[in-house]
Amino acid sequence: MKHTSSEFTQHAEAALADAGRAQRRDLLGLFMPLARDAAATRYGDFEALRAHLKRVRTHTMDHLDHYLARFEEAALGNGNQVHFAATSEQLNKTVLSICQAHSARRVAKGKSMVTEETALNEQLLKAGLEVIETDLGEYIIQQAGETPSHIVGPALHKSLPEIRQLFLDRHKLGERSLEQVEDIVAEARSILREQFLQADVGIIGANALIAENGSTMLVTNEGNGDLCANLPPVLIVCTTLERILPRAEDAMALQRLLVRSATGQPQTCYTSFYSGPRREDDVDGPLETHIILLDNKRTDILASDYSEILDCIRCGACLNHCPVYVGVGGHAYGWVYPGPMGSVLTPLLTSLEQSNALPNACTSCGRCAEVCPANIPLPDLLRDLRQEENQRQLNSPSWRKGLRVHAWVLRHPALYRRLGGWAMSVLGLLGRRRGGFRRLPFAAGWTGTRDFPAPEGGTFMQQYRRRTRGGRRRG
């Protein structure tokens, strides 16, 4: 995927101008938080479960080498082949070499943000393989030649008429209406069924790696992950180092948090555990299974002040609650991971130089931290990235100079109160007639898209003191 995070502002402006998609994002921001809150309330002591997972994740990351070694030993004992990939290029090379070793021509893929991160599809297609995405959302955007806009619902930005027309154009099946959602799903099912049966290799991701027994856990709602894993003769699981958990019960705690936070369900349709290739008495399953564990700077992140971002379980709750994401959508962020979690992760996986616009795409409202099932302090991490941006002088000289002046004024409270009171009084007087300003010096970023409301004519403290004095006189 081409990295365009530096163009966030331009992407955001274009997204805001698309009224249809903006309305669909508004609905996402309205209904998904309600579903999440209802699911968390029904569970009972949701906060205790969050705290438990936080403790488990902290312990696991503190002893990552131990649990990775345990997982590798158990996975090898189950008959898997385990590979470690330091970079995206190494993961892609490993997958391609496995496919070529089996003379594979067709690959059926389950949903995987890791393979989006490594641009695996592009590499396999260049090598002449046919790759089909089998998650319905991923299949839709693959047919449209687009990238995911959400880490859980890749095609949430597409309308029903857009998907209908896409299927009519891409599927040469003669005259049909496809007016109902059921018709579109049935058509996708009939086409994908053949792909599952013809695939030489299946590729899936993993929501958790279980150290005690060498199994991988995958959570889906469509069952396509099971078909990718069990029908082709070769299975490849592509995931990352930090997915590791000590025990199966820890994976189930993660699953309870993940599902409720992602879709508001008490349970997904499918929670599957894969231990290894087919045994003698098994009636189905792959003949050969490979597990590829990707690093791609994650051990560097683990050793940094941003290590808590590795606790992310990819539920998408922070996206659904973020006013910036809901406003501009996932494509505005310019890479694989959008929203608050992406605004932290993208600069760490690519570079802050390329992505310094993303930590600034935050209102500091704190909703992402409130709903994060892994208790990641996302606003703190975003502020730390902004501080690093300033220290490395990646922002404009005028911005840094303005911050220095602002910081100096804040260190002199009496001066700050005097200047603030003067500014509010003048702006209140000048804006009283219209109730706002279309243009203001040093505020073009605000007034370029909306009016600046006129103040009440004084600061909060000035008004508070006046009311307090008035109350005392009456008393």
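Analyst: Contact here means heavy atoms within 4.5 Å. By that criterion, and leaving aside residues up to four places away in sequence, F167 touches Y139, I140, R176, L178, I184, E187 and A188. The model is a predicted one, in which local features need pLDDT of at least 70 and side-chain atom pairs count only at pLDDT 80 or more, whereas totals for chains, interfaces and linings use all residues. Numbering starts from 1 along each chain as its sequence is written, and side-chain values use heavy atoms, with hydrogens and water left out.

F167 is one of the residues with the most contacts inside the largest nonpolar core, which has 75 residues; the others named are F8, I244, I309, Y337 and M341. Such a core is a set of buried Ala, Val, Leu, Ile, Met, Phe, Trp, Tyr and Cys residues joined through side-chain atoms within 4.5 Å. Buried stands for under 20% relative accessible area, exposed for over 50%, and partly exposed for what lies in between (1.4 Å probe, protein chains only). Another core, of 21 residues, lies apart from the largest one and includes F46, L53, A208 and V259. In soluble globular proteins, nonpolar side chains tend to be buried together.

Helices (H or I, at least four residues) and strands (E, at least two) are taken as DSSP runs and numbered from the N terminus. A15 is classed as buried because its relative accessibility is 13%. Its contacts, again not counting residues up to four places away in sequence, are R25 and V328. The C-alpha atom of A15 is 7.0 Å from that of G329, although 314 residues separate the two along the chain.

Now the strands. Strand β4 (residues 201-204) is covered on both faces: V201 and I203 are buried on one side, G202 and I204 on the other. In a regular strand the side chains alternate between the two faces of the sheet. Two strands count as paired if DSSP finds at least two bridges between them. β4 has three bridges to β2, and those two strands run parallel.

Strand β6 (residues 215-220) and β9 are antiparallel and joined by five bridges. Within them, T216 has Y274 of β9 as its bridge partner.

Charged pairs come next. A salt bridge is a side-chain nitrogen of Lys or Arg within 4 Å of a carboxyl oxygen of Asp or Glu, and the structure holds 22 of them. One of these joins the side chains of R106 and E130 (3.6 Å, N to O). This pair links distant parts of the chain, with R106 in strand β2 (residues 106-109) and E130 in strand β3 (residues 130-133), 24 residues apart. R106 is partly exposed because its relative accessibility is 32%, and E130 is partly exposed at 37%.

E242 and R243 form a salt bridge through their side chains at 3.4 Å, N to O. E242 is buried because its relative accessibility is 2%, and R243 is buried at 7%. Both belong to a network of salt bridges that links E117, E242, R243, R298 and R314. Side chains of opposite charge can pair when their charged atoms come close.

D380 and R383 make a salt bridge at 2.4 Å, N to O. They are about one helical turn apart because three residues separate them in helix α19 (residues 378-391). D380 is partly exposed, at 38% relative accessible area, and R383 is partly exposed at 38%.

Last, the surface. L27, L30, F31 and L34 form a nonpolar patch with about 410 Å² of accessible area together. Areas come from the Shrake-Rupley method with a 1.4 Å probe, and for residues only the protein chains shown count as cover. Patches consist of residues with over 30% relative accessible area and no salt bridge, joined within 9 Å for like charges and within 5 Å for nonpolar side chains (Val, Leu, Ile, Met, Phe, Trp, Tyr). L27 sits in helix α2 (residues 19-43) and counts as partly exposed because its relative accessibility is 45%.
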